[in-house]
Amino acid sequence: MIVQNPLVAAFAAQVGKRYSPARADTFWTCEPLFRLLLDPQVAEAVINERLQALVDDPAAVGSSRGPTLQLAQGAAWTLSLRLLTQARRYLHSTVRDTLVAPIGSLPLRLDRYQLPDGFRDAEFDPAQRLSRAGSLSVAPGELLRMPVAGLVFDYRIEAPLLILMLESAPQALLEWRFSRDSLHAWQCTDADPDTTDLKAAAWLAGRLAHHTSLKPLQALAAHPNPGVRGAALQNIGRLSRSQARKLLNAALDDPHPQVRLSARQALDRDDPAPSRQRDR
């Protein structure tokens, strides 16, 4: 974690003491700390410090990308400044508990949308549809809580606007994208980039088909994320047919329906006359 501004450094130390990913509700105890950073002069100071660091060492980019400047990062949280210049193509579900505040003289304006009753983020369903839930405005010096559950928030970009954001670890498995026109679910991606990397690693291990990848794939087949489990199950057969069949049979009782379906399909491809009913 790289922090240069003393106020940001003190903030980072306190967040590390207050917020525990194992207890998601502790994230909101960081709100008083976040309020201390809302002075526009703080944003000006940290931006100038980062620019000076880049002048001194052009390789000192860190993890900041594009219009986002990362100020501090812990094991399960990120503090960043983001420049909003244009609306997103889709409406994105909230995957991290977030505190957000406008920096400068302009308010932050948002539209809100209600997620459907019984919404389950881990099982993508294109029939799911948002409903409009009104708009709101966050004045300079104020902040907004954006919890994962219940609502989708969409920034209304009327002029370039700088915002300060404190984000928790991912609290959802998938980030959903909804059509602006129909409000129906359009597509989804992994909420945690590490999950995408693990799935890619499982597919690469399957393509390489080297025996040393067997144990890592077996471990991924028991991963908490269903997408990672599914990717491992679909590739382990390239390394060991017997191990694959054992794991696939066990996966027929997986708690996630997509993993059960993938296991059934893989077994049916291997044995067109299955010996047991493989889905419920």
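## Cysteines

Cys30 is buried, at 0% relative accessible area, whereas Cys188 is partly exposed, at 29%. Buried means under 20% relative accessible area, exposed over 50% and partly exposed in between, with a 1.4 Å probe and protein chains only. The structure contains zero disulfides, a disulfide being a pair of cysteine sulfur atoms within 2.5 Å.

## Model and numbering

This is a predicted model, in which local features need pLDDT of at least 70 and side-chain atom pairs count only at pLDDT 80 or more, while totals for chains, interfaces and linings use all residues. Residues are numbered from 1 along each chain as its sequence is written, and side-chain values use heavy atoms, leaving out hydrogens and water.

## Helix H1

Helix H1 covers residues 6-18, 13 residues in total, and spans 19 Å from first to last C-alpha, close to the 18 Å expected at 1.5 Å a residue (1.5 Å times one less than the number of residues). Helices (H or I, at least four residues) and strands (E, at least two) are DSSP runs numbered from the N terminus.

Val8, Phe11, Ala12 and Val15 are the buried residues of H1. They fall within an arc of 100° seen down the helix axis, so they line one face; the arc is taken over directions from the axis to the C-beta atoms. Exposed Pro6 and Lys17 sit on the face of H1 turned away from the buried side.

## Glu175

Glu175 belongs to strand E10 (residues 174-178) and counts as buried at 15% relative accessibility. Beyond four places in sequence, Glu175 touches residues including Arg88, His92 and Cys188, contact meaning heavy atoms within 4.5 Å.
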